[in-house]
Amino acid sequence: DGGGGCGGGAATRAPELRPGEVTKRPEVMDDFVRNFLVRMGLTSTLEKFETEWYELEATGKLNKEDLGVVPDVYLYNQELNDTVANLRGQLEASKAIAGKATSTWDKFRKERDFHRMHHKRVGQEKNKLLTDIKRLRKHYSQYEPTITELKRKYELAMKEKMLMRLERDRLLAKVEAFESDNALKAEESVQETSAMDAAASAAAANTSKPKTASGDAHMPAGARVNPYATLKFDPVNVKGFTLNKTFKGHLMSVSNLALHPKKSILATASDDATWKMWDLPSGELIMSGEGHKDWVAGVNFHPAGTHLASSSGDCTVKIWDFAQKRCTVTFTEHTQAVWNAAFHDSGDFLASCSLDHSARLWDLHSNRCRVTFRGHVDSVNEVCWQPFTNIVATGSSDKTVSLWDMRTGLCAQTFYGHLNSCNHVSFNARGDTIASCDADGLVKLWDVRMVAELLSVDCGPHPANKASFDRASETVAVASDDGTVKCFSALDGHMVTELKGHEDAVQGVLFDPFGKFLVSCGSDNTFR
């Protein structure tokens, strides 16, 4: 290398360079061969070449022509080869980039086509919706005059209804005044009658039910002795209750129950506009009552067991005579659906509650309304009597429970605490505690004498439809909308058991007066 380098330097003289310029020195022949062998990786050949070259140089067999520089054409070809290799590498890289760009462009083109198609579909749906809206607007415009006319007719009908109600009240006032005049005339005639008339009056006085001169029954002067007040019964073992029998006796939901006061007979009311009487425990049908024009919401037996009262969605209360096997009296003064009716323990009066925000007291001797209890601001859903007193309890959708005096028609007490519609109220046998339940599933026990809440039990979240005490007043059964009957202790509110079997909401529940069984009815058209 050293000799070759020196020879090359003597042959060519480097030109003068300007600052920043670089010149390329031409390679001598031996350096060119060495570089070629190194580049090609021919190490063995390179060693052999150097050995033989140094031998020739040492023996002086090399000519000056052999020690010259490599002609420029070889250098130029080498540079061209390097340039071609570099360009080929760049070409391969460009091809890879071009392939990637092509795939990206295909992807974007597909997305563009998809979004274009989606845009067209959205436009078509928009046009369809616009067409439907125009058609509905045109359809509505055809009904708008009819709706306006119906609104006008409804307002006229309501005005006429109010006028009719005012006229009815005025006529009732006249009738009452006329009856009072007749009563005074009758009393005067009685005083002036002969001995025969006096004897007839004495005979009339000996009848079992005293009446006023107008034919109304005398209201009891005060509370009677409650025979259950001092009696103590063993609590009913509801934990041992199991489903014994299921009776499907109605075509629609069974809405209420009533047990005969003297016999093992059950009455049921149904949404199929009928009531039926069944023998227990055989479940044989005894009697069926058809006459209401709408669903029957409540039934109740007369204390003597000779009659039955039914209340209905047709705004009427009917009295059915078992001996005559027909309806003997129909009370029609309620203006909306009647939810329930309850006989007074004397058997002379009947209380009813209605969707028209009122409860009424009916005289069963004169067959007329004696008292209207007004004060609730929403539907009165339940009515029941405090045992052996003149006090009637009502539960209303205005979330209150009220006690009313039948003689004055005034509210004696009101219990506040429910946060939703009160569905049902009932007294225990002693008459000192009220159970009420509401649409939130909350059951409350109230002390009548202290006018205070004793206990609150949450049976929710489903509505509680009915609540009933056992004869010992220690257990309360609740008919729930979740298809179960929940039984809890009236002493501490502890849940005793839950009776399952109904396939739909339980609408009513009653304990047997002798504590042997429990009866329930529900929206699954059965009683169990």
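A salt bridge is here a side-chain nitrogen of Lys or Arg within 4 Å of a carboxyl oxygen of Asp or Glu. By this criterion the structure holds 22 salt bridges. The structure is a predicted model, in which local features need pLDDT of at least 70 and side-chain atom pairs count only at pLDDT 80 or more, while totals for chains, interfaces and linings use all residues. Residues are numbered from 1 along each chain as its sequence is written, and side-chain values use heavy atoms, with hydrogens and water left out.

**Salt bridges**

Buried means under 20% relative accessible area, exposed over 50%, and partly exposed in between (1.4 Å probe, protein chains only).

| Asp132 and Arg135 | 3.8 Å | Asp132, 26%, partly exposed | Arg135, 52%, exposed |

Helices (H or I, at least four residues) and strands (E, at least two) are DSSP runs, numbered from the N terminus. Asp132 and Arg135 both lie in helix H4 (residues 72-192), three residues apart, about one turn of the helix. Glu167 and Arg170 are also three residues apart in helix H4, so about one helical turn separates them. Elsewhere, Asp30, Asp31, Arg34 and Glu50 are linked in a network of salt bridges.

Phe36, Met40 and Leu42 form a nonpolar patch on the surface, with about 280 Å² of accessible area together. Patches are made of residues with over 30% relative accessible area and no salt bridge; like charges are joined within 9 Å, and nonpolar side chains (Val, Leu, Ile, Met, Phe, Trp, Tyr) within 5 Å. Accessible areas come from the Shrake-Rupley method with a 1.4 Å probe, and for residues only the protein chains shown count as cover. Met40 belongs to helix H2 (residues 29-40) and is exposed, at a relative accessible area of 51%.

Val28 sits in the loop between helix H1 (2-11) and H2. Val28 is buried, with 4% relative accessibility. Its C-alpha atom is separated by 6.7 Å from that of Leu67, 39 residues apart along the chain.

**Backbone exceptions**

Most residues other than glycine have a negative phi, and most peptide bonds are trans. A cis peptide bond joins Leu280 and Pro281, with omega about 5 degrees; Pro281 lies in the loop between strand S3 (274-279) and strand S4 (285-290). The bond from Gly460 to Pro461 is cis as well, with omega near 5 degrees, and Pro461 is in the loop between strand S20 (452-458) and strand S21 (464-469).

Ala273, in the loop between strand S2 (265-270) and S3, has a positive phi near 70 degrees. Ala273 is buried, at 16% relative accessible area. Lys325 has a phi near 55 degrees, a positive value in a residue other than glycine, and is exposed at 67% relative accessibility.

Lys325 is in the turn of a hairpin formed by S7 and S8, with four residues between the strands. Asp321 stands opposite Arg326 in S8.

**Nonpolar cores**

A nonpolar core is a set of buried Ala, Val, Leu, Ile, Met, Phe, Trp, Tyr and Cys residues joined through side-chain atoms within 4.5 Å. The largest has 15 residues, of which Leu361, Phe373, Trp385 and Val392 touch the most other members. Two or more residues of this core come from each of strand S10 (349-354), strand S11 (358-363), strand S12 (368-374) and strand S13 (380-385). A second, separate core of 14 residues includes Val443, Phe469, Val478 and Phe488.

Contact means heavy atoms within 4.5 Å. Leaving aside neighbours within four places in sequence, the contacts of Phe373 include Leu361, Val392, Trp404 and Met406. Ser468, in strand S21, is buried at 8% relative accessible area. With the same exclusion of neighbours within four places, Ser468 is in contact with residues including Ser426, Thr475, Val509 and Phe511.

How values were computed: Pairing = 2+ DSSP bridges.
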